[in-house]
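Have a look at the model first, then read on.

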Amino acid sequence: MNEPLPDTLAQSAMLRSVISRSALEDGAAAAVAAGGAGVADLRRDAWGHGLLEVARVVTAAGARAVRVDDADDVALLRAEAIDATCTEAPELDPRLLYGLPDATGALPGRPVMRVAGRVLSTKDIAAGGGVSYGYIHRAPEDSRLALVTGGYAQGVVRALGSRAAVEIDGVVHPIVGRIAMDVCVVDIGEADVAVGAEVTYFGGSGPMSAGVADWARITGMGVDELVAVVGQRTERAWEA
């Protein structure tokens, strides 16, 4: 592998769930417009998007209350003068609220969550060379690999190994080999990928914007479960 990340990049190399405030505001407005002043589903830390901030945005958009997991969450939001319940059924469409794709990959709006890592290092691989634990993937031809942040400890499910893809610099590259605890390997072919480049697993505005739909198809898990797990196991950041 080539040189490791400089210290300034290493500090931001953890897998992150980047939450777009403007996309959340748009999604909340769309959900309320479609469903009226109903109850929004904010269980599981607002599906991994961050309970307190999502509650503020969705009630500002007109939701009358939010559904949460337990009495502690109710008390937290009561201190913010936000009505919360552990018993009422959610009424607003979470797909609209969070900008999540359906089974076909169709998006109702902008995804609120973008899951992003970094390229840690790159190296050449010769045809026939094995990748990751157990060498379940062998390179069909000479190529180049990138070691990137994101593994099963952060919710990048093991079943995605050699079956899912990521976006680097606007180009889609396949994940190859087994998913490790905190990293995975991507075949970047002849692409000129720099150490420290951002890696998008799903979300954003590029080719992986609806990528979580592929995760659901591959793993058999629900989109709601996948985003909630990743959102709660990664470093959360907010952007405009």
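A nonpolar core here is a set of buried Ala, Val, Leu, Ile, Met, Phe, Trp, Tyr and Cys residues joined through side-chain atoms within 4.5 Å, where buried means under 20% relative accessible area, with exposed over 50% and partly exposed in between (1.4 Å probe, protein chains only). Keep in mind that this is a predicted model, with local features needing pLDDT of at least 70, side-chain atom pairs counting only at pLDDT 80 or more, and totals for chains, interfaces and linings using all residues. Residues are numbered from 1 along each chain as its sequence is written, and side-chain values use heavy atoms, leaving out hydrogens and water.

**Cores**

The largest nonpolar core holds 56 residues, and Leu42, Val58, Leu97, Ile168, Tyr201 and Trp215 have the most contacts inside it. There's also a second, separate core of six residues, including Ile125, Leu145, Val176 and Val185. Contact means heavy atoms within 4.5 Å. Leaving aside residues up to four places away in sequence, Val58 touches Ala28, Val32, Ala40, Leu42, Ala63, Val66, Leu92 and Leu97.

**Helix pairs**

Helices (H or I, at least four residues) and strands (E, at least two) are DSSP runs numbered from the N terminus. Axes are lines fitted to C-alpha atoms, for helices over the stretch in contact, and angles run from 0 to 180 degrees between N-to-C directions.

| Pair | Axis angle | Axis distance |
|---|---|---|
| H4 and H5 | roughly 55° | within 11 Å |
| H7 and H8 | about 110° | 9 Å |

With angles under 35 degrees counted as roughly parallel, over 145 as roughly antiparallel, 65 to 115 as roughly perpendicular and the rest as oblique, H7 is roughly perpendicular to H8, while H4 and H5 are oblique to each other. Leu51, Leu52 and Ala55 of H4 make the contact with Asp73, Leu76 and Leu77 of H5. In the other pair, Val212, Ala213, Trp215, Ala216 and Thr219 of H7 meet Val223, Leu226, Val227 and Val230 of H8.

**Zooming in on H8**

Helix H8 spans residues 223–233, and its buried residues are Val223, Leu226, Val227, Ala228, Val230 and Gly231. Those residues pack against strands S1, S5, S12 and S13 as well as helices H3 and H7.

What is the relative accessibility of Val230? Val230 counts as buried because the value is 1%. Val230 touches Ser17, Val115, Gln154, Gly155 and Trp215, again not counting residues up to four places away in sequence. The C-alpha atoms of Val230 and Arg16 are separated by 8.8 Å, though the two residues are 214 residues apart along the chain.
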